[in-house]
There are 2 protein chains.
Amino acid sequence: MSWGTPPTERADAARNRMHLVATAREMLAELGADRLTMDALAERSGLGKGTVFRRFGTRAGIFQALMDDAERAFQEQVLSGPPPLGPGAPPMERLIAYGRARVGFLIEHREIGRGTLDGRQSVPVGVQMPVSRMHIRMLLGQISLGSANLDILAIQLTAALDGPLLLYLSAADLSQAAAEAERQLAESWQDLVRRVCRP
Amino acid sequence: MSWGTPPTERADAARNRMHLVATAREMLAELGADRLTMDALAERSGLGKGTVFRRFGTRAGIFQALMDDAERAFQEQVLSGPPPLGPGAPPMERLIAYGRARVGFLIEHREIGRGTLDGRQSVPVGVQMPVSRMHIRMLLGQISLGSANLDILAIQLTAALDGPLLLYLSAADLSQAAAEAERQLAESWQDLVRRVCRP
DNA sequence: ATACTAAGCGGGGTAAAGTCCGGTTATCGT
DNA sequence: ACGATAACCGGACTTTACCCCGCTTAGTAT
């Protein structure tokens, strides 16, 4: 008798996954992103290489898993934290607050974010239907915008939020003056949203 | 006597680079992006592997070179083609036309675009100061927007243009109904620009 | 409790990315 | 024209992502 869409994950598999994610996080903090190799992760966690690949599929998959993990706490704030990030504030203010928070989140986890990028996969990893995009789409639906294609607009705004940090700002730009970059991006996001949502 | 900022590239080196880019393009068309390997490129072009790496630094570098190459023709249209893409039209119309054209360009060259992504490099390859971003920045400067940070806004709009195709839309989304996706993205870009640039 | 089965596991194997260094060739000053 | 020098070339070498397949173990039905 199974009660989940995934036909139940085996106990040892779940244990191993948690252990691997934890070990990966340790290695990331300790050695940096590019010394986090599959072999090293397998050895350090005391598991076989095959296991690591079965869990994550690809190197980028590890970073995706780390990202999902970090994002869980963030989502918590968004779904049931205090306004304006959480529910309760008018949608436009929530949208602005969301962008501000997400910029900070992405700067903090920029090493992980970059790691999820993988040029060999034609379908970008794990970006099936990011929570970010869903949330933005929902908030856009609550704001009365004229005849706009809200699905596409949500994709574009998500990109405006993630793109600078994943694609266009170098590591130097970010670590040298992270605080300043964060302030400017947040400010500019607010401006962008205000402009887009004007009647 | 040298007349370029680069202290003159040696003739054979230039010849080899052109040959490599041409061969890479052939292989891309013939075999697809993920059979375009460094070894195969070296062998097929009749050069050594060391040469290939000296030229392009990294696998993503090849795709970057292919992209630059393809982009040259595109820039030509933008810098001196007929309006509204080329000069002569009001800046906002040029901005809309630019986005429309770029969406088409990116869909056409999506395989190359994806190839430029590389999760191992902390500084994204070749995205030093993309022409796209410069052009958008320039047009924004010609439109009178209130007190906006135009540099950051340009980055965000560039991301809104590139992000969907590089990060969020799967290969299936694009090849299945490329024409439809292109239409929607272009339409939505126009809407976005109109909203942003309203007084 | 026990046998059955499907999933998980491990580690060795392959191919591709990226590095290095000795030999070669193009450019520059005279 | 010619030698000095710096850049280029090639291919062997190392590291790492990713695959495969026989063995083990967790879940399930009797």
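**Figure 1. Polar contacts between chain B and chain A in the predicted model.** Between chain B and chain A, 13 residue pairs are in polar contact, with both residues of a pair at pLDDT 80 or more. Helices α6 (110–115), α8 (150–168) and α10 (178–197) of chain B each contribute at least two residues to the side of chain B that touches chain A. Helix α8(B) gives the largest share of that side, 13 residues. Salt bridges between chain B and chain A number zero.

**Figure 2. The area buried between chain B and chain A.** About 4,100 Å² is buried between the two chains, and carbon and sulfur atoms give 58% of this area. On the side of chain B, Gln156(B), Tyr168(B) and Arg195(B) lose the most area to chain A; together they account for 19% of what that side buries. The contact involves 45 residues of chain B and 45 residues of chain A.

Figure 3. Is Ser132(B) buried or exposed? Its relative accessible area is 1%, under the 20% limit, so Ser132(B) counts as buried.

**Figure 4. The tilted ring pair of Phe74(B) and Tyr98(B).** Over all chains the model has four aromatic pairs. In one of them, Phe74(B) and Tyr98(B), the ring centres are 5.8 Å apart and the planes make an angle of 45°, a tilted arrangement. Phe74(B) is part of helix α4 (residues 59–80) of chain B and Tyr98(B) is part of helix α5 (residues 91–108) of chain B, so this pair ties together parts that lie 24 residues apart in sequence. Phe74(B) has a relative accessibility of 11% and counts as buried.

**Figure 5. The stacked ring pair of Phe74(B) and Phe105(B).** Phe74(B) also pairs with Phe105(B), and here the rings are stacked, with 4.9 Å from centre to centre and 20° between the planes. Why does the pair tie together parts that are 31 residues apart in sequence? It does so because Phe74(B) lies in helix α4 of chain B, whereas Phe105(B) lies in helix α5 of chain B. Both residues are buried.

**Figure 6. The ring cluster of chain A and the confidence of that chain.** In chain A, ring pairs join Phe74(A), Tyr98(A) and Phe105(A) into a cluster. The mean pLDDT of chain A is 90, and 94% of its residues score at least 70.

Conventions:
Residues are numbered from 1 along each chain as its sequence is written. Chains are lettered from A and ligands numbered from 1 in the order in which they are written. This is a predicted model: local features need pLDDT of at least 70, side-chain atom pairs count only at pLDDT 80 or more; totals for chains, interfaces and linings use all residues. Side-chain values use heavy atoms; hydrogens and water are left out. Rings of Phe, Tyr and Trp (its six-membered ring) pair if their centres lie within 6.5 Å; planes under 30 degrees apart count as stacked, over 60 as edge-to-face and the rest as tilted. Helices (H or I, at least four residues) and strands (E, at least two) are DSSP runs, numbered from the N terminus. Buried means under 20% relative accessible area, exposed over 50%, partly exposed in between (1.4 Å probe, protein chains only). pLDDT is the predictor's confidence in each residue, from 0 to 100. Contact means heavy atoms within 4.5 Å. Buried area is the accessible area (1.4 Å probe) that two parts lose on being put together, summed over both. A salt bridge is a side-chain nitrogen of Lys or Arg within 4 Å of a carboxyl oxygen of Asp or Glu. A polar contact is a pair of N or O atoms within 3.5 Å; within protein, one must be able to donate a hydrogen and the other to accept it, and residues adjacent in sequence count only if both atoms are side-chain atoms.
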